[in-house]
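Please read this briefing alongside the sequence and the coordinates. It takes up strand pairing and helix packing, and then turns to charged side chains.

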Amino acid sequence: MTLLQVRDLRVEFKTPDGLVKAVAGVSFDLKAGETVAIVGESGSGKSVTNLAYMGLLPSSKTNITGSVLLETDKGVVELIGMDNDGLRKVRGQDIAMIFQDPMSALHPYYTIGDQLIEAHQVHNDVDKSVSRDRAIELLSLVGVADPAERLKAYPHQFSGGMRQRVMIAMALMNNPKVLIADEPTTALDVTVQAQILKLLRDLQARFGMAVILITHDLGVVAGAADRVNVMYGGRLVESTGVNELYANPMMPYTVGLLDSIPRMDQGHGKRLRAIPGQPPSLIKLGEGCAFAARCERKKELPEGTCETSPELREVKAGHLVRCHLYENKGVAK
């Protein structure tokens with residue numbers, strides 16, 4: 001069953017320097033029990049895509065168009081254009097988000113218990129003691145020792161890994177169908193990263209959630225995702241299953257990302273390679289391929305080909321690529 005359906009999502013920001021086209025026509029589906037990773041460099045549009053349909057972007061400076069349909073207990077709802085009251089009812093209950101910096105996401109002046117209990121009370125007409133019991137249950141579930149006592153603690157009394165566990169507990173307070181994890185392991189050391197990722201997998205299996213994992217770390221993706229959406233310059237440039245992506249990357253940008261990280265399956269003799277150049281300005285993207293200025297394979301195409309933007313096309317079953325190199329290749333209809 002499809003829980004989230006994103007179609008032609010576009011996000012633009014008004015700035016003194018011009019219009020920033022942060023997301024330019026992103027479309028994808030998220031099915032029940034599935035983990036979809038969204039990867040790309042900083043500024044590629046990963047987080048903005050998800051903040052848009054969570055209703056967490058400033059409305060006065062942002063123009064959002066497209067369609068995002070979410071399956072809820074009360075039926076399918078359209079998130080784009082929904083009023084604030086409607087979004088507050090959906091957010092935290094049917095769809096929840098774990099933010100990348102738990103220290104800034106948790107309020108420093110309130111105890112962990114106050115914040116967890118409030119997250120439950122907002123969506124449930126129950127006595128405060130019921131919400132407190134739920135908070136203790138979730139803290140225990142995410143591996144916080146002595147949860148009843150730790151409810152009285154403040155965020156600064158927790159380590160980074162423990163604060164991230166609290167954020168996960170808060171996101172799960174109301175059993176959401178869709179969980180968005182925005183760089184959930186960025187500020188954590190490698191050992192704690194592995195613990196948090198295993199915790200997310202275990203909780204996903206327990207609650208049957210669908211997960212969107214936003215990250216720039218392809219090492220994290222390998223062991224955590226079912227499908228991968230690669231973003232560049234506000235666009236989706238490649239989408240396929242995680243095993244297919246590592247075995248057969250097609251978009252030159254994806255190849256560059258994979259060539260820049262150590263891989264156990266390629267021995268010790270291969271040198272890591274950085275992608276040349278810098279990510280494009282989202283104010284002056286132009287009409288051509290956003291990756292053209294950094295692409296080492298554009299010389300394989302007739303001159304001027306990359307001055308037009310390629311379409312995202314299915315070149316193998318379930319493997320979508322946005323690149324002129326694959327223009328005449330595709331799945332037989």
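This is a predicted model: local features need pLDDT of at least 70, side-chain atom pairs count only at pLDDT 80 or more; totals for chains, interfaces and linings use all residues.

**Sheet and salt bridges**

In strand β8, L213 is the residue that stands opposite A37.

- Strand β3, residues 35-39, and strand β8, residues 210-215, run parallel and are joined by 5 bridges.
- Both strands belong to an open sheet of 8 strands with mixed pairing, whose order is β6-β7-β8-β3-β9-β10-β12-β11.
- At the edges of this sheet lie β6 (95-98) and β11 (312-316), each of which pairs on one side only.
- On average, and with direction ignored, neighbouring strands of the sheet are turned by 20° against each other.
- Helix α11, formed by residues 252-259, packs on the sheet and touches both β9 (227-232) and β10 (235-241), while the direction of the helix makes about 105° with that of β9.

- R294 and E41 form a salt bridge in which the closest N and O atoms are 3.1 Å apart.
- This pair links distant parts of the chain, since R294 lies in the loop between α11 and β11 and E41 in the loop between β3 and α1 (46-54), a separation of 253 residues.
- R294 is buried, with a relative accessible area of 5%, whereas E41, with a relative accessible area of 22%, is partly exposed.

**Salt bridges within helices**

- In helix α2 (residues 84-90), D85 and R88 lie 3 residues apart, about one turn of the helix, and their side chains meet in a salt bridge with an N to O distance of 2.5 Å.
- D85 counts as partly exposed at 47% relative accessibility, and R88 likewise counts as partly exposed, at 45%.
- E137 forms a salt bridge with R134, with 3.3 Å between the closest N and O atoms.
- Because E137 and R134 are 3 residues apart in helix α5 (residues 128-141), about one helical turn separates them.
- Within this pair, E137 counts as partly exposed at 41% relative accessibility, while R134 is buried, having a relative accessible area of 13%.

**A network of charged residues**

- D259, R273 and E296 are linked with one another in a network of salt bridges.
- In general, side chains of opposite charge can pair when their charged atoms come close.

Notes. Residues are numbered from 1 along each chain as its sequence is written. Side-chain values use heavy atoms; hydrogens and water are left out. Two strands pair if DSSP finds at least two bridges between them. Helices (H or I, at least four residues) and strands (E, at least two) are DSSP runs, numbered from the N terminus. Axes are lines fitted to C-alpha atoms, for helices over the stretch in contact, and angles run from 0 to 180 degrees between N-to-C directions. Contact means heavy atoms within 4.5 Å. A salt bridge is a side-chain nitrogen of Lys or Arg within 4 Å of a carboxyl oxygen of Asp or Glu. Buried means under 20% relative accessible area, exposed over 50%, partly exposed in between (1.4 Å probe, protein chains only).
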